[in-house]
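Below is a short briefing on a protein–DNA model, arranged by topic for a reader who wants cut-offs next to the values.

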Amino acid sequence: MRLQPPLGLCSATLNNVPELPEVETIRRQLDPLLRDCSVQQVWAFDSPKFTSAHQALGSRLQGVRRRGKYLLIDLDPAPDPSPAPALAPAPAQHPDRNHVVESSPGVAARELIVHLGMTGRLSVSSTGSEHPSTTVSSLTSWEQSTRVESSSSQRHLRAVWVLDDGRSLFFDDVRRFGRIAVVAAGEHQSLATLAALGPEPFDDDFTADYLRQQINSTKRSVKAQLLSQRVVAGLGNIYVDEALWRAQVHPAAKRITKVQSMKLRRDIQEVIAVAINNGGTTLRNYRDAEGSAGSNQHHLQCYGRAGQDCLRCGTTLRRILIDARATVFCPRCQRR
DNA sequence: CCAGCAGCCTGAAAGC
DNA sequence: TGCTTTCAGGCTGCTG
């Protein structure tokens, strides 16, 4: 039997947010499920954060990509001969852009962008499911809000895309921190964080020299920098704490050495790779596209372990606030 | 331009 | 037991 820490020390209220490994897990599951499906009907929760979902109506879903914590679903015009009602003509603006979209005249390639926020979940109903969403007619009642509000499983539904084969893609999000947008392909200005996103952890240009230059070029802490998404894409509170613990860098440090930058880059990559292999981290909310929990929570060495012993030196891990974020670190291993 | 911070939002847990 | 307060967190937009 495993001994539990005193109640006051364990993080009983931890909510984990989908970060890069969780979003990548969902992407891998959704990609083969959605490819080449057309959107026949859309329902969206009445909020500016979600109503853009309607703009995917009539489009065909191509591959599901990921940038940082954002899911990008490529949209092509549906092959159906009748013109899709939601498709806008090619925008006349953006004459400065180099990449002219080579598509059928008058129709620009677009992307359906989904950010899961803190509690967002995407799932696909199986064919022939008795879920009310799988029939187009039932959407009418959803729009009247009666069924959406009636059951707990549908209470936090924010968008539904009904596909041409009878299945549906669902987005539910308890706390409404998620976001849906449809934009012209590659045009991300309306999503500031996405537009300014740094390199992916496994990109060639995410080098130790680049990392050190970025961290050392501002007055902000290394933790705040890594959370900003501008230095490297996809890290959130869990994996920043894990990577800094492994690299033995104090989260409040404002400068790192060359040796630290080499280790930190490598540890960011390892923490992310291990988490992806484990299907992400589930502390409370996170579920993948199949409704399953990840298993990486069993591999966390620092995050959520405040008050417990450091697995490296035995010192009691401390919890502090940095950038208004709960931060766990080892005061002995991670000296400033 | 940059850094810091309030606000968004809800449910669970702690506190009274 | 039941009510109130606190907390978690990614991102946006405002302020100094």
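Asp-31 is buried, at a relative accessible area of 15%; buried means under 20%, exposed over 50% and partly exposed in between, with a 1.4 Å probe and protein chains only. This is a predicted model, in which local features need pLDDT of at least 70, side-chain atom pairs count only at pLDDT 80 or more, and totals for chains, interfaces and linings use all residues. Residues are numbered from 1 along each chain as its sequence is written, chains are lettered from A and ligands numbered from 1 in the order in which they are written, and side-chain values use heavy atoms, with hydrogens and water left out.

**Salt bridges**

- The structure has 15 salt bridges, a salt bridge being a side-chain nitrogen of Lys or Arg within 4 Å of a carboxyl oxygen of Asp or Glu.
- Asp-31 pairs with Arg-35 in one of them, at 3.1 Å from N to O. Arg-35 is partly exposed, with a relative accessible area of 42%.
- Asp-267 forms a salt bridge with Arg-246, where the closest N and O atoms are 3.7 Å apart. Arg-246 belongs to helix H7 (residues 237-247) and Asp-267 to helix H8 (residues 258-277), so this pair ties together parts that are 21 residues apart in sequence. Helices (H or I, at least four residues) and strands (E, at least two) are DSSP runs, numbered from the N terminus.
- Asp-267 is buried at 3% relative accessibility, whereas Arg-246 is partly exposed at 22%.
- Asp-267 also meets Lys-263 in a salt bridge of 3.1 Å, N to O. The two are four residues apart in helix H8, which means a separation of about one helical turn. Lys-263 is partly exposed, at 37% relative accessibility.
- A network built from salt bridges that share partners joins Glu-24, Arg-27, Arg-28, Arg-66, Arg-67 and Glu-200.

**Nonpolar cores**

- In soluble globular proteins, nonpolar side chains tend to be buried together.
- The largest nonpolar core contains 36 residues, and those with the most contacts inside it are Leu-30, Leu-34, Leu-112, Leu-122, Trp-161, Phe-171 and Ile-180. Such a core is a set of buried Ala, Val, Leu, Ile, Met, Phe, Trp, Tyr and Cys residues joined through side-chain atoms within 4.5 Å.
- Strand E6 (residues 157-163) gives the most to this core, namely six residues.
- A second, separate core has 27 residues, including Leu-235, Leu-244, Ile-256 and Tyr-303.
- Leaving out residues up to four places away in sequence, Ile-180 touches several residues, among them Phe-50, Leu-112, Val-114, Trp-161 and Phe-171. Contact means heavy atoms within 4.5 Å.

**DNA strand B**

- Twelve residues surround DNA strand B, and the closest are His-156, Val-174, Arg-175, Arg-176 and Thr-218. A residue is near a molecule or strand if one of its heavy atoms lies within 4 Å of it.
- Of the atoms of DNA strand B within 4 Å of the protein, 73% belong to sugar and phosphate.
- The polar contacts (pairs of N or O atoms within 3.5 Å; within protein, one must be able to donate a hydrogen and the other to accept it, and residues adjacent in sequence count only if both atoms are side-chain atoms) include one between a polar side-chain atom of Arg-176 and a phosphate oxygen of DNA strand B, at 2.3 Å.
- The side chain of His-156 has an N or O atom 3.2 Å from a phosphate oxygen of DNA strand B.

**DNA strand C**

- Around DNA strand C there are 17 residues, of which His-115, Met-118, Arg-175, Thr-193 and Arg-319 come nearest.
- Sugar or phosphate makes up 57% of the atoms of DNA strand C within 4 Å of the protein, and bases make up the rest.
- Phosphate oxygens of DNA strand C lie 2.3 Å from a side-chain N or O atom of His-115 and 2.6 Å from one of Tyr-303.
- Arg-325 places a polar side-chain atom 2.8 Å from a phosphate oxygen of DNA strand C.
- Helix H4 (192-195) and E10 are the elements that give two or more residues to the surface near DNA strand C.

**Arg-325**

- Arg-325 lies in strand E10 (residues 325-329) and is partly exposed, with a relative accessible area of 40%.
- Arg-325 and Asn-237 are 88 residues apart in sequence and 7.5 Å apart in space, C-alpha to C-alpha.
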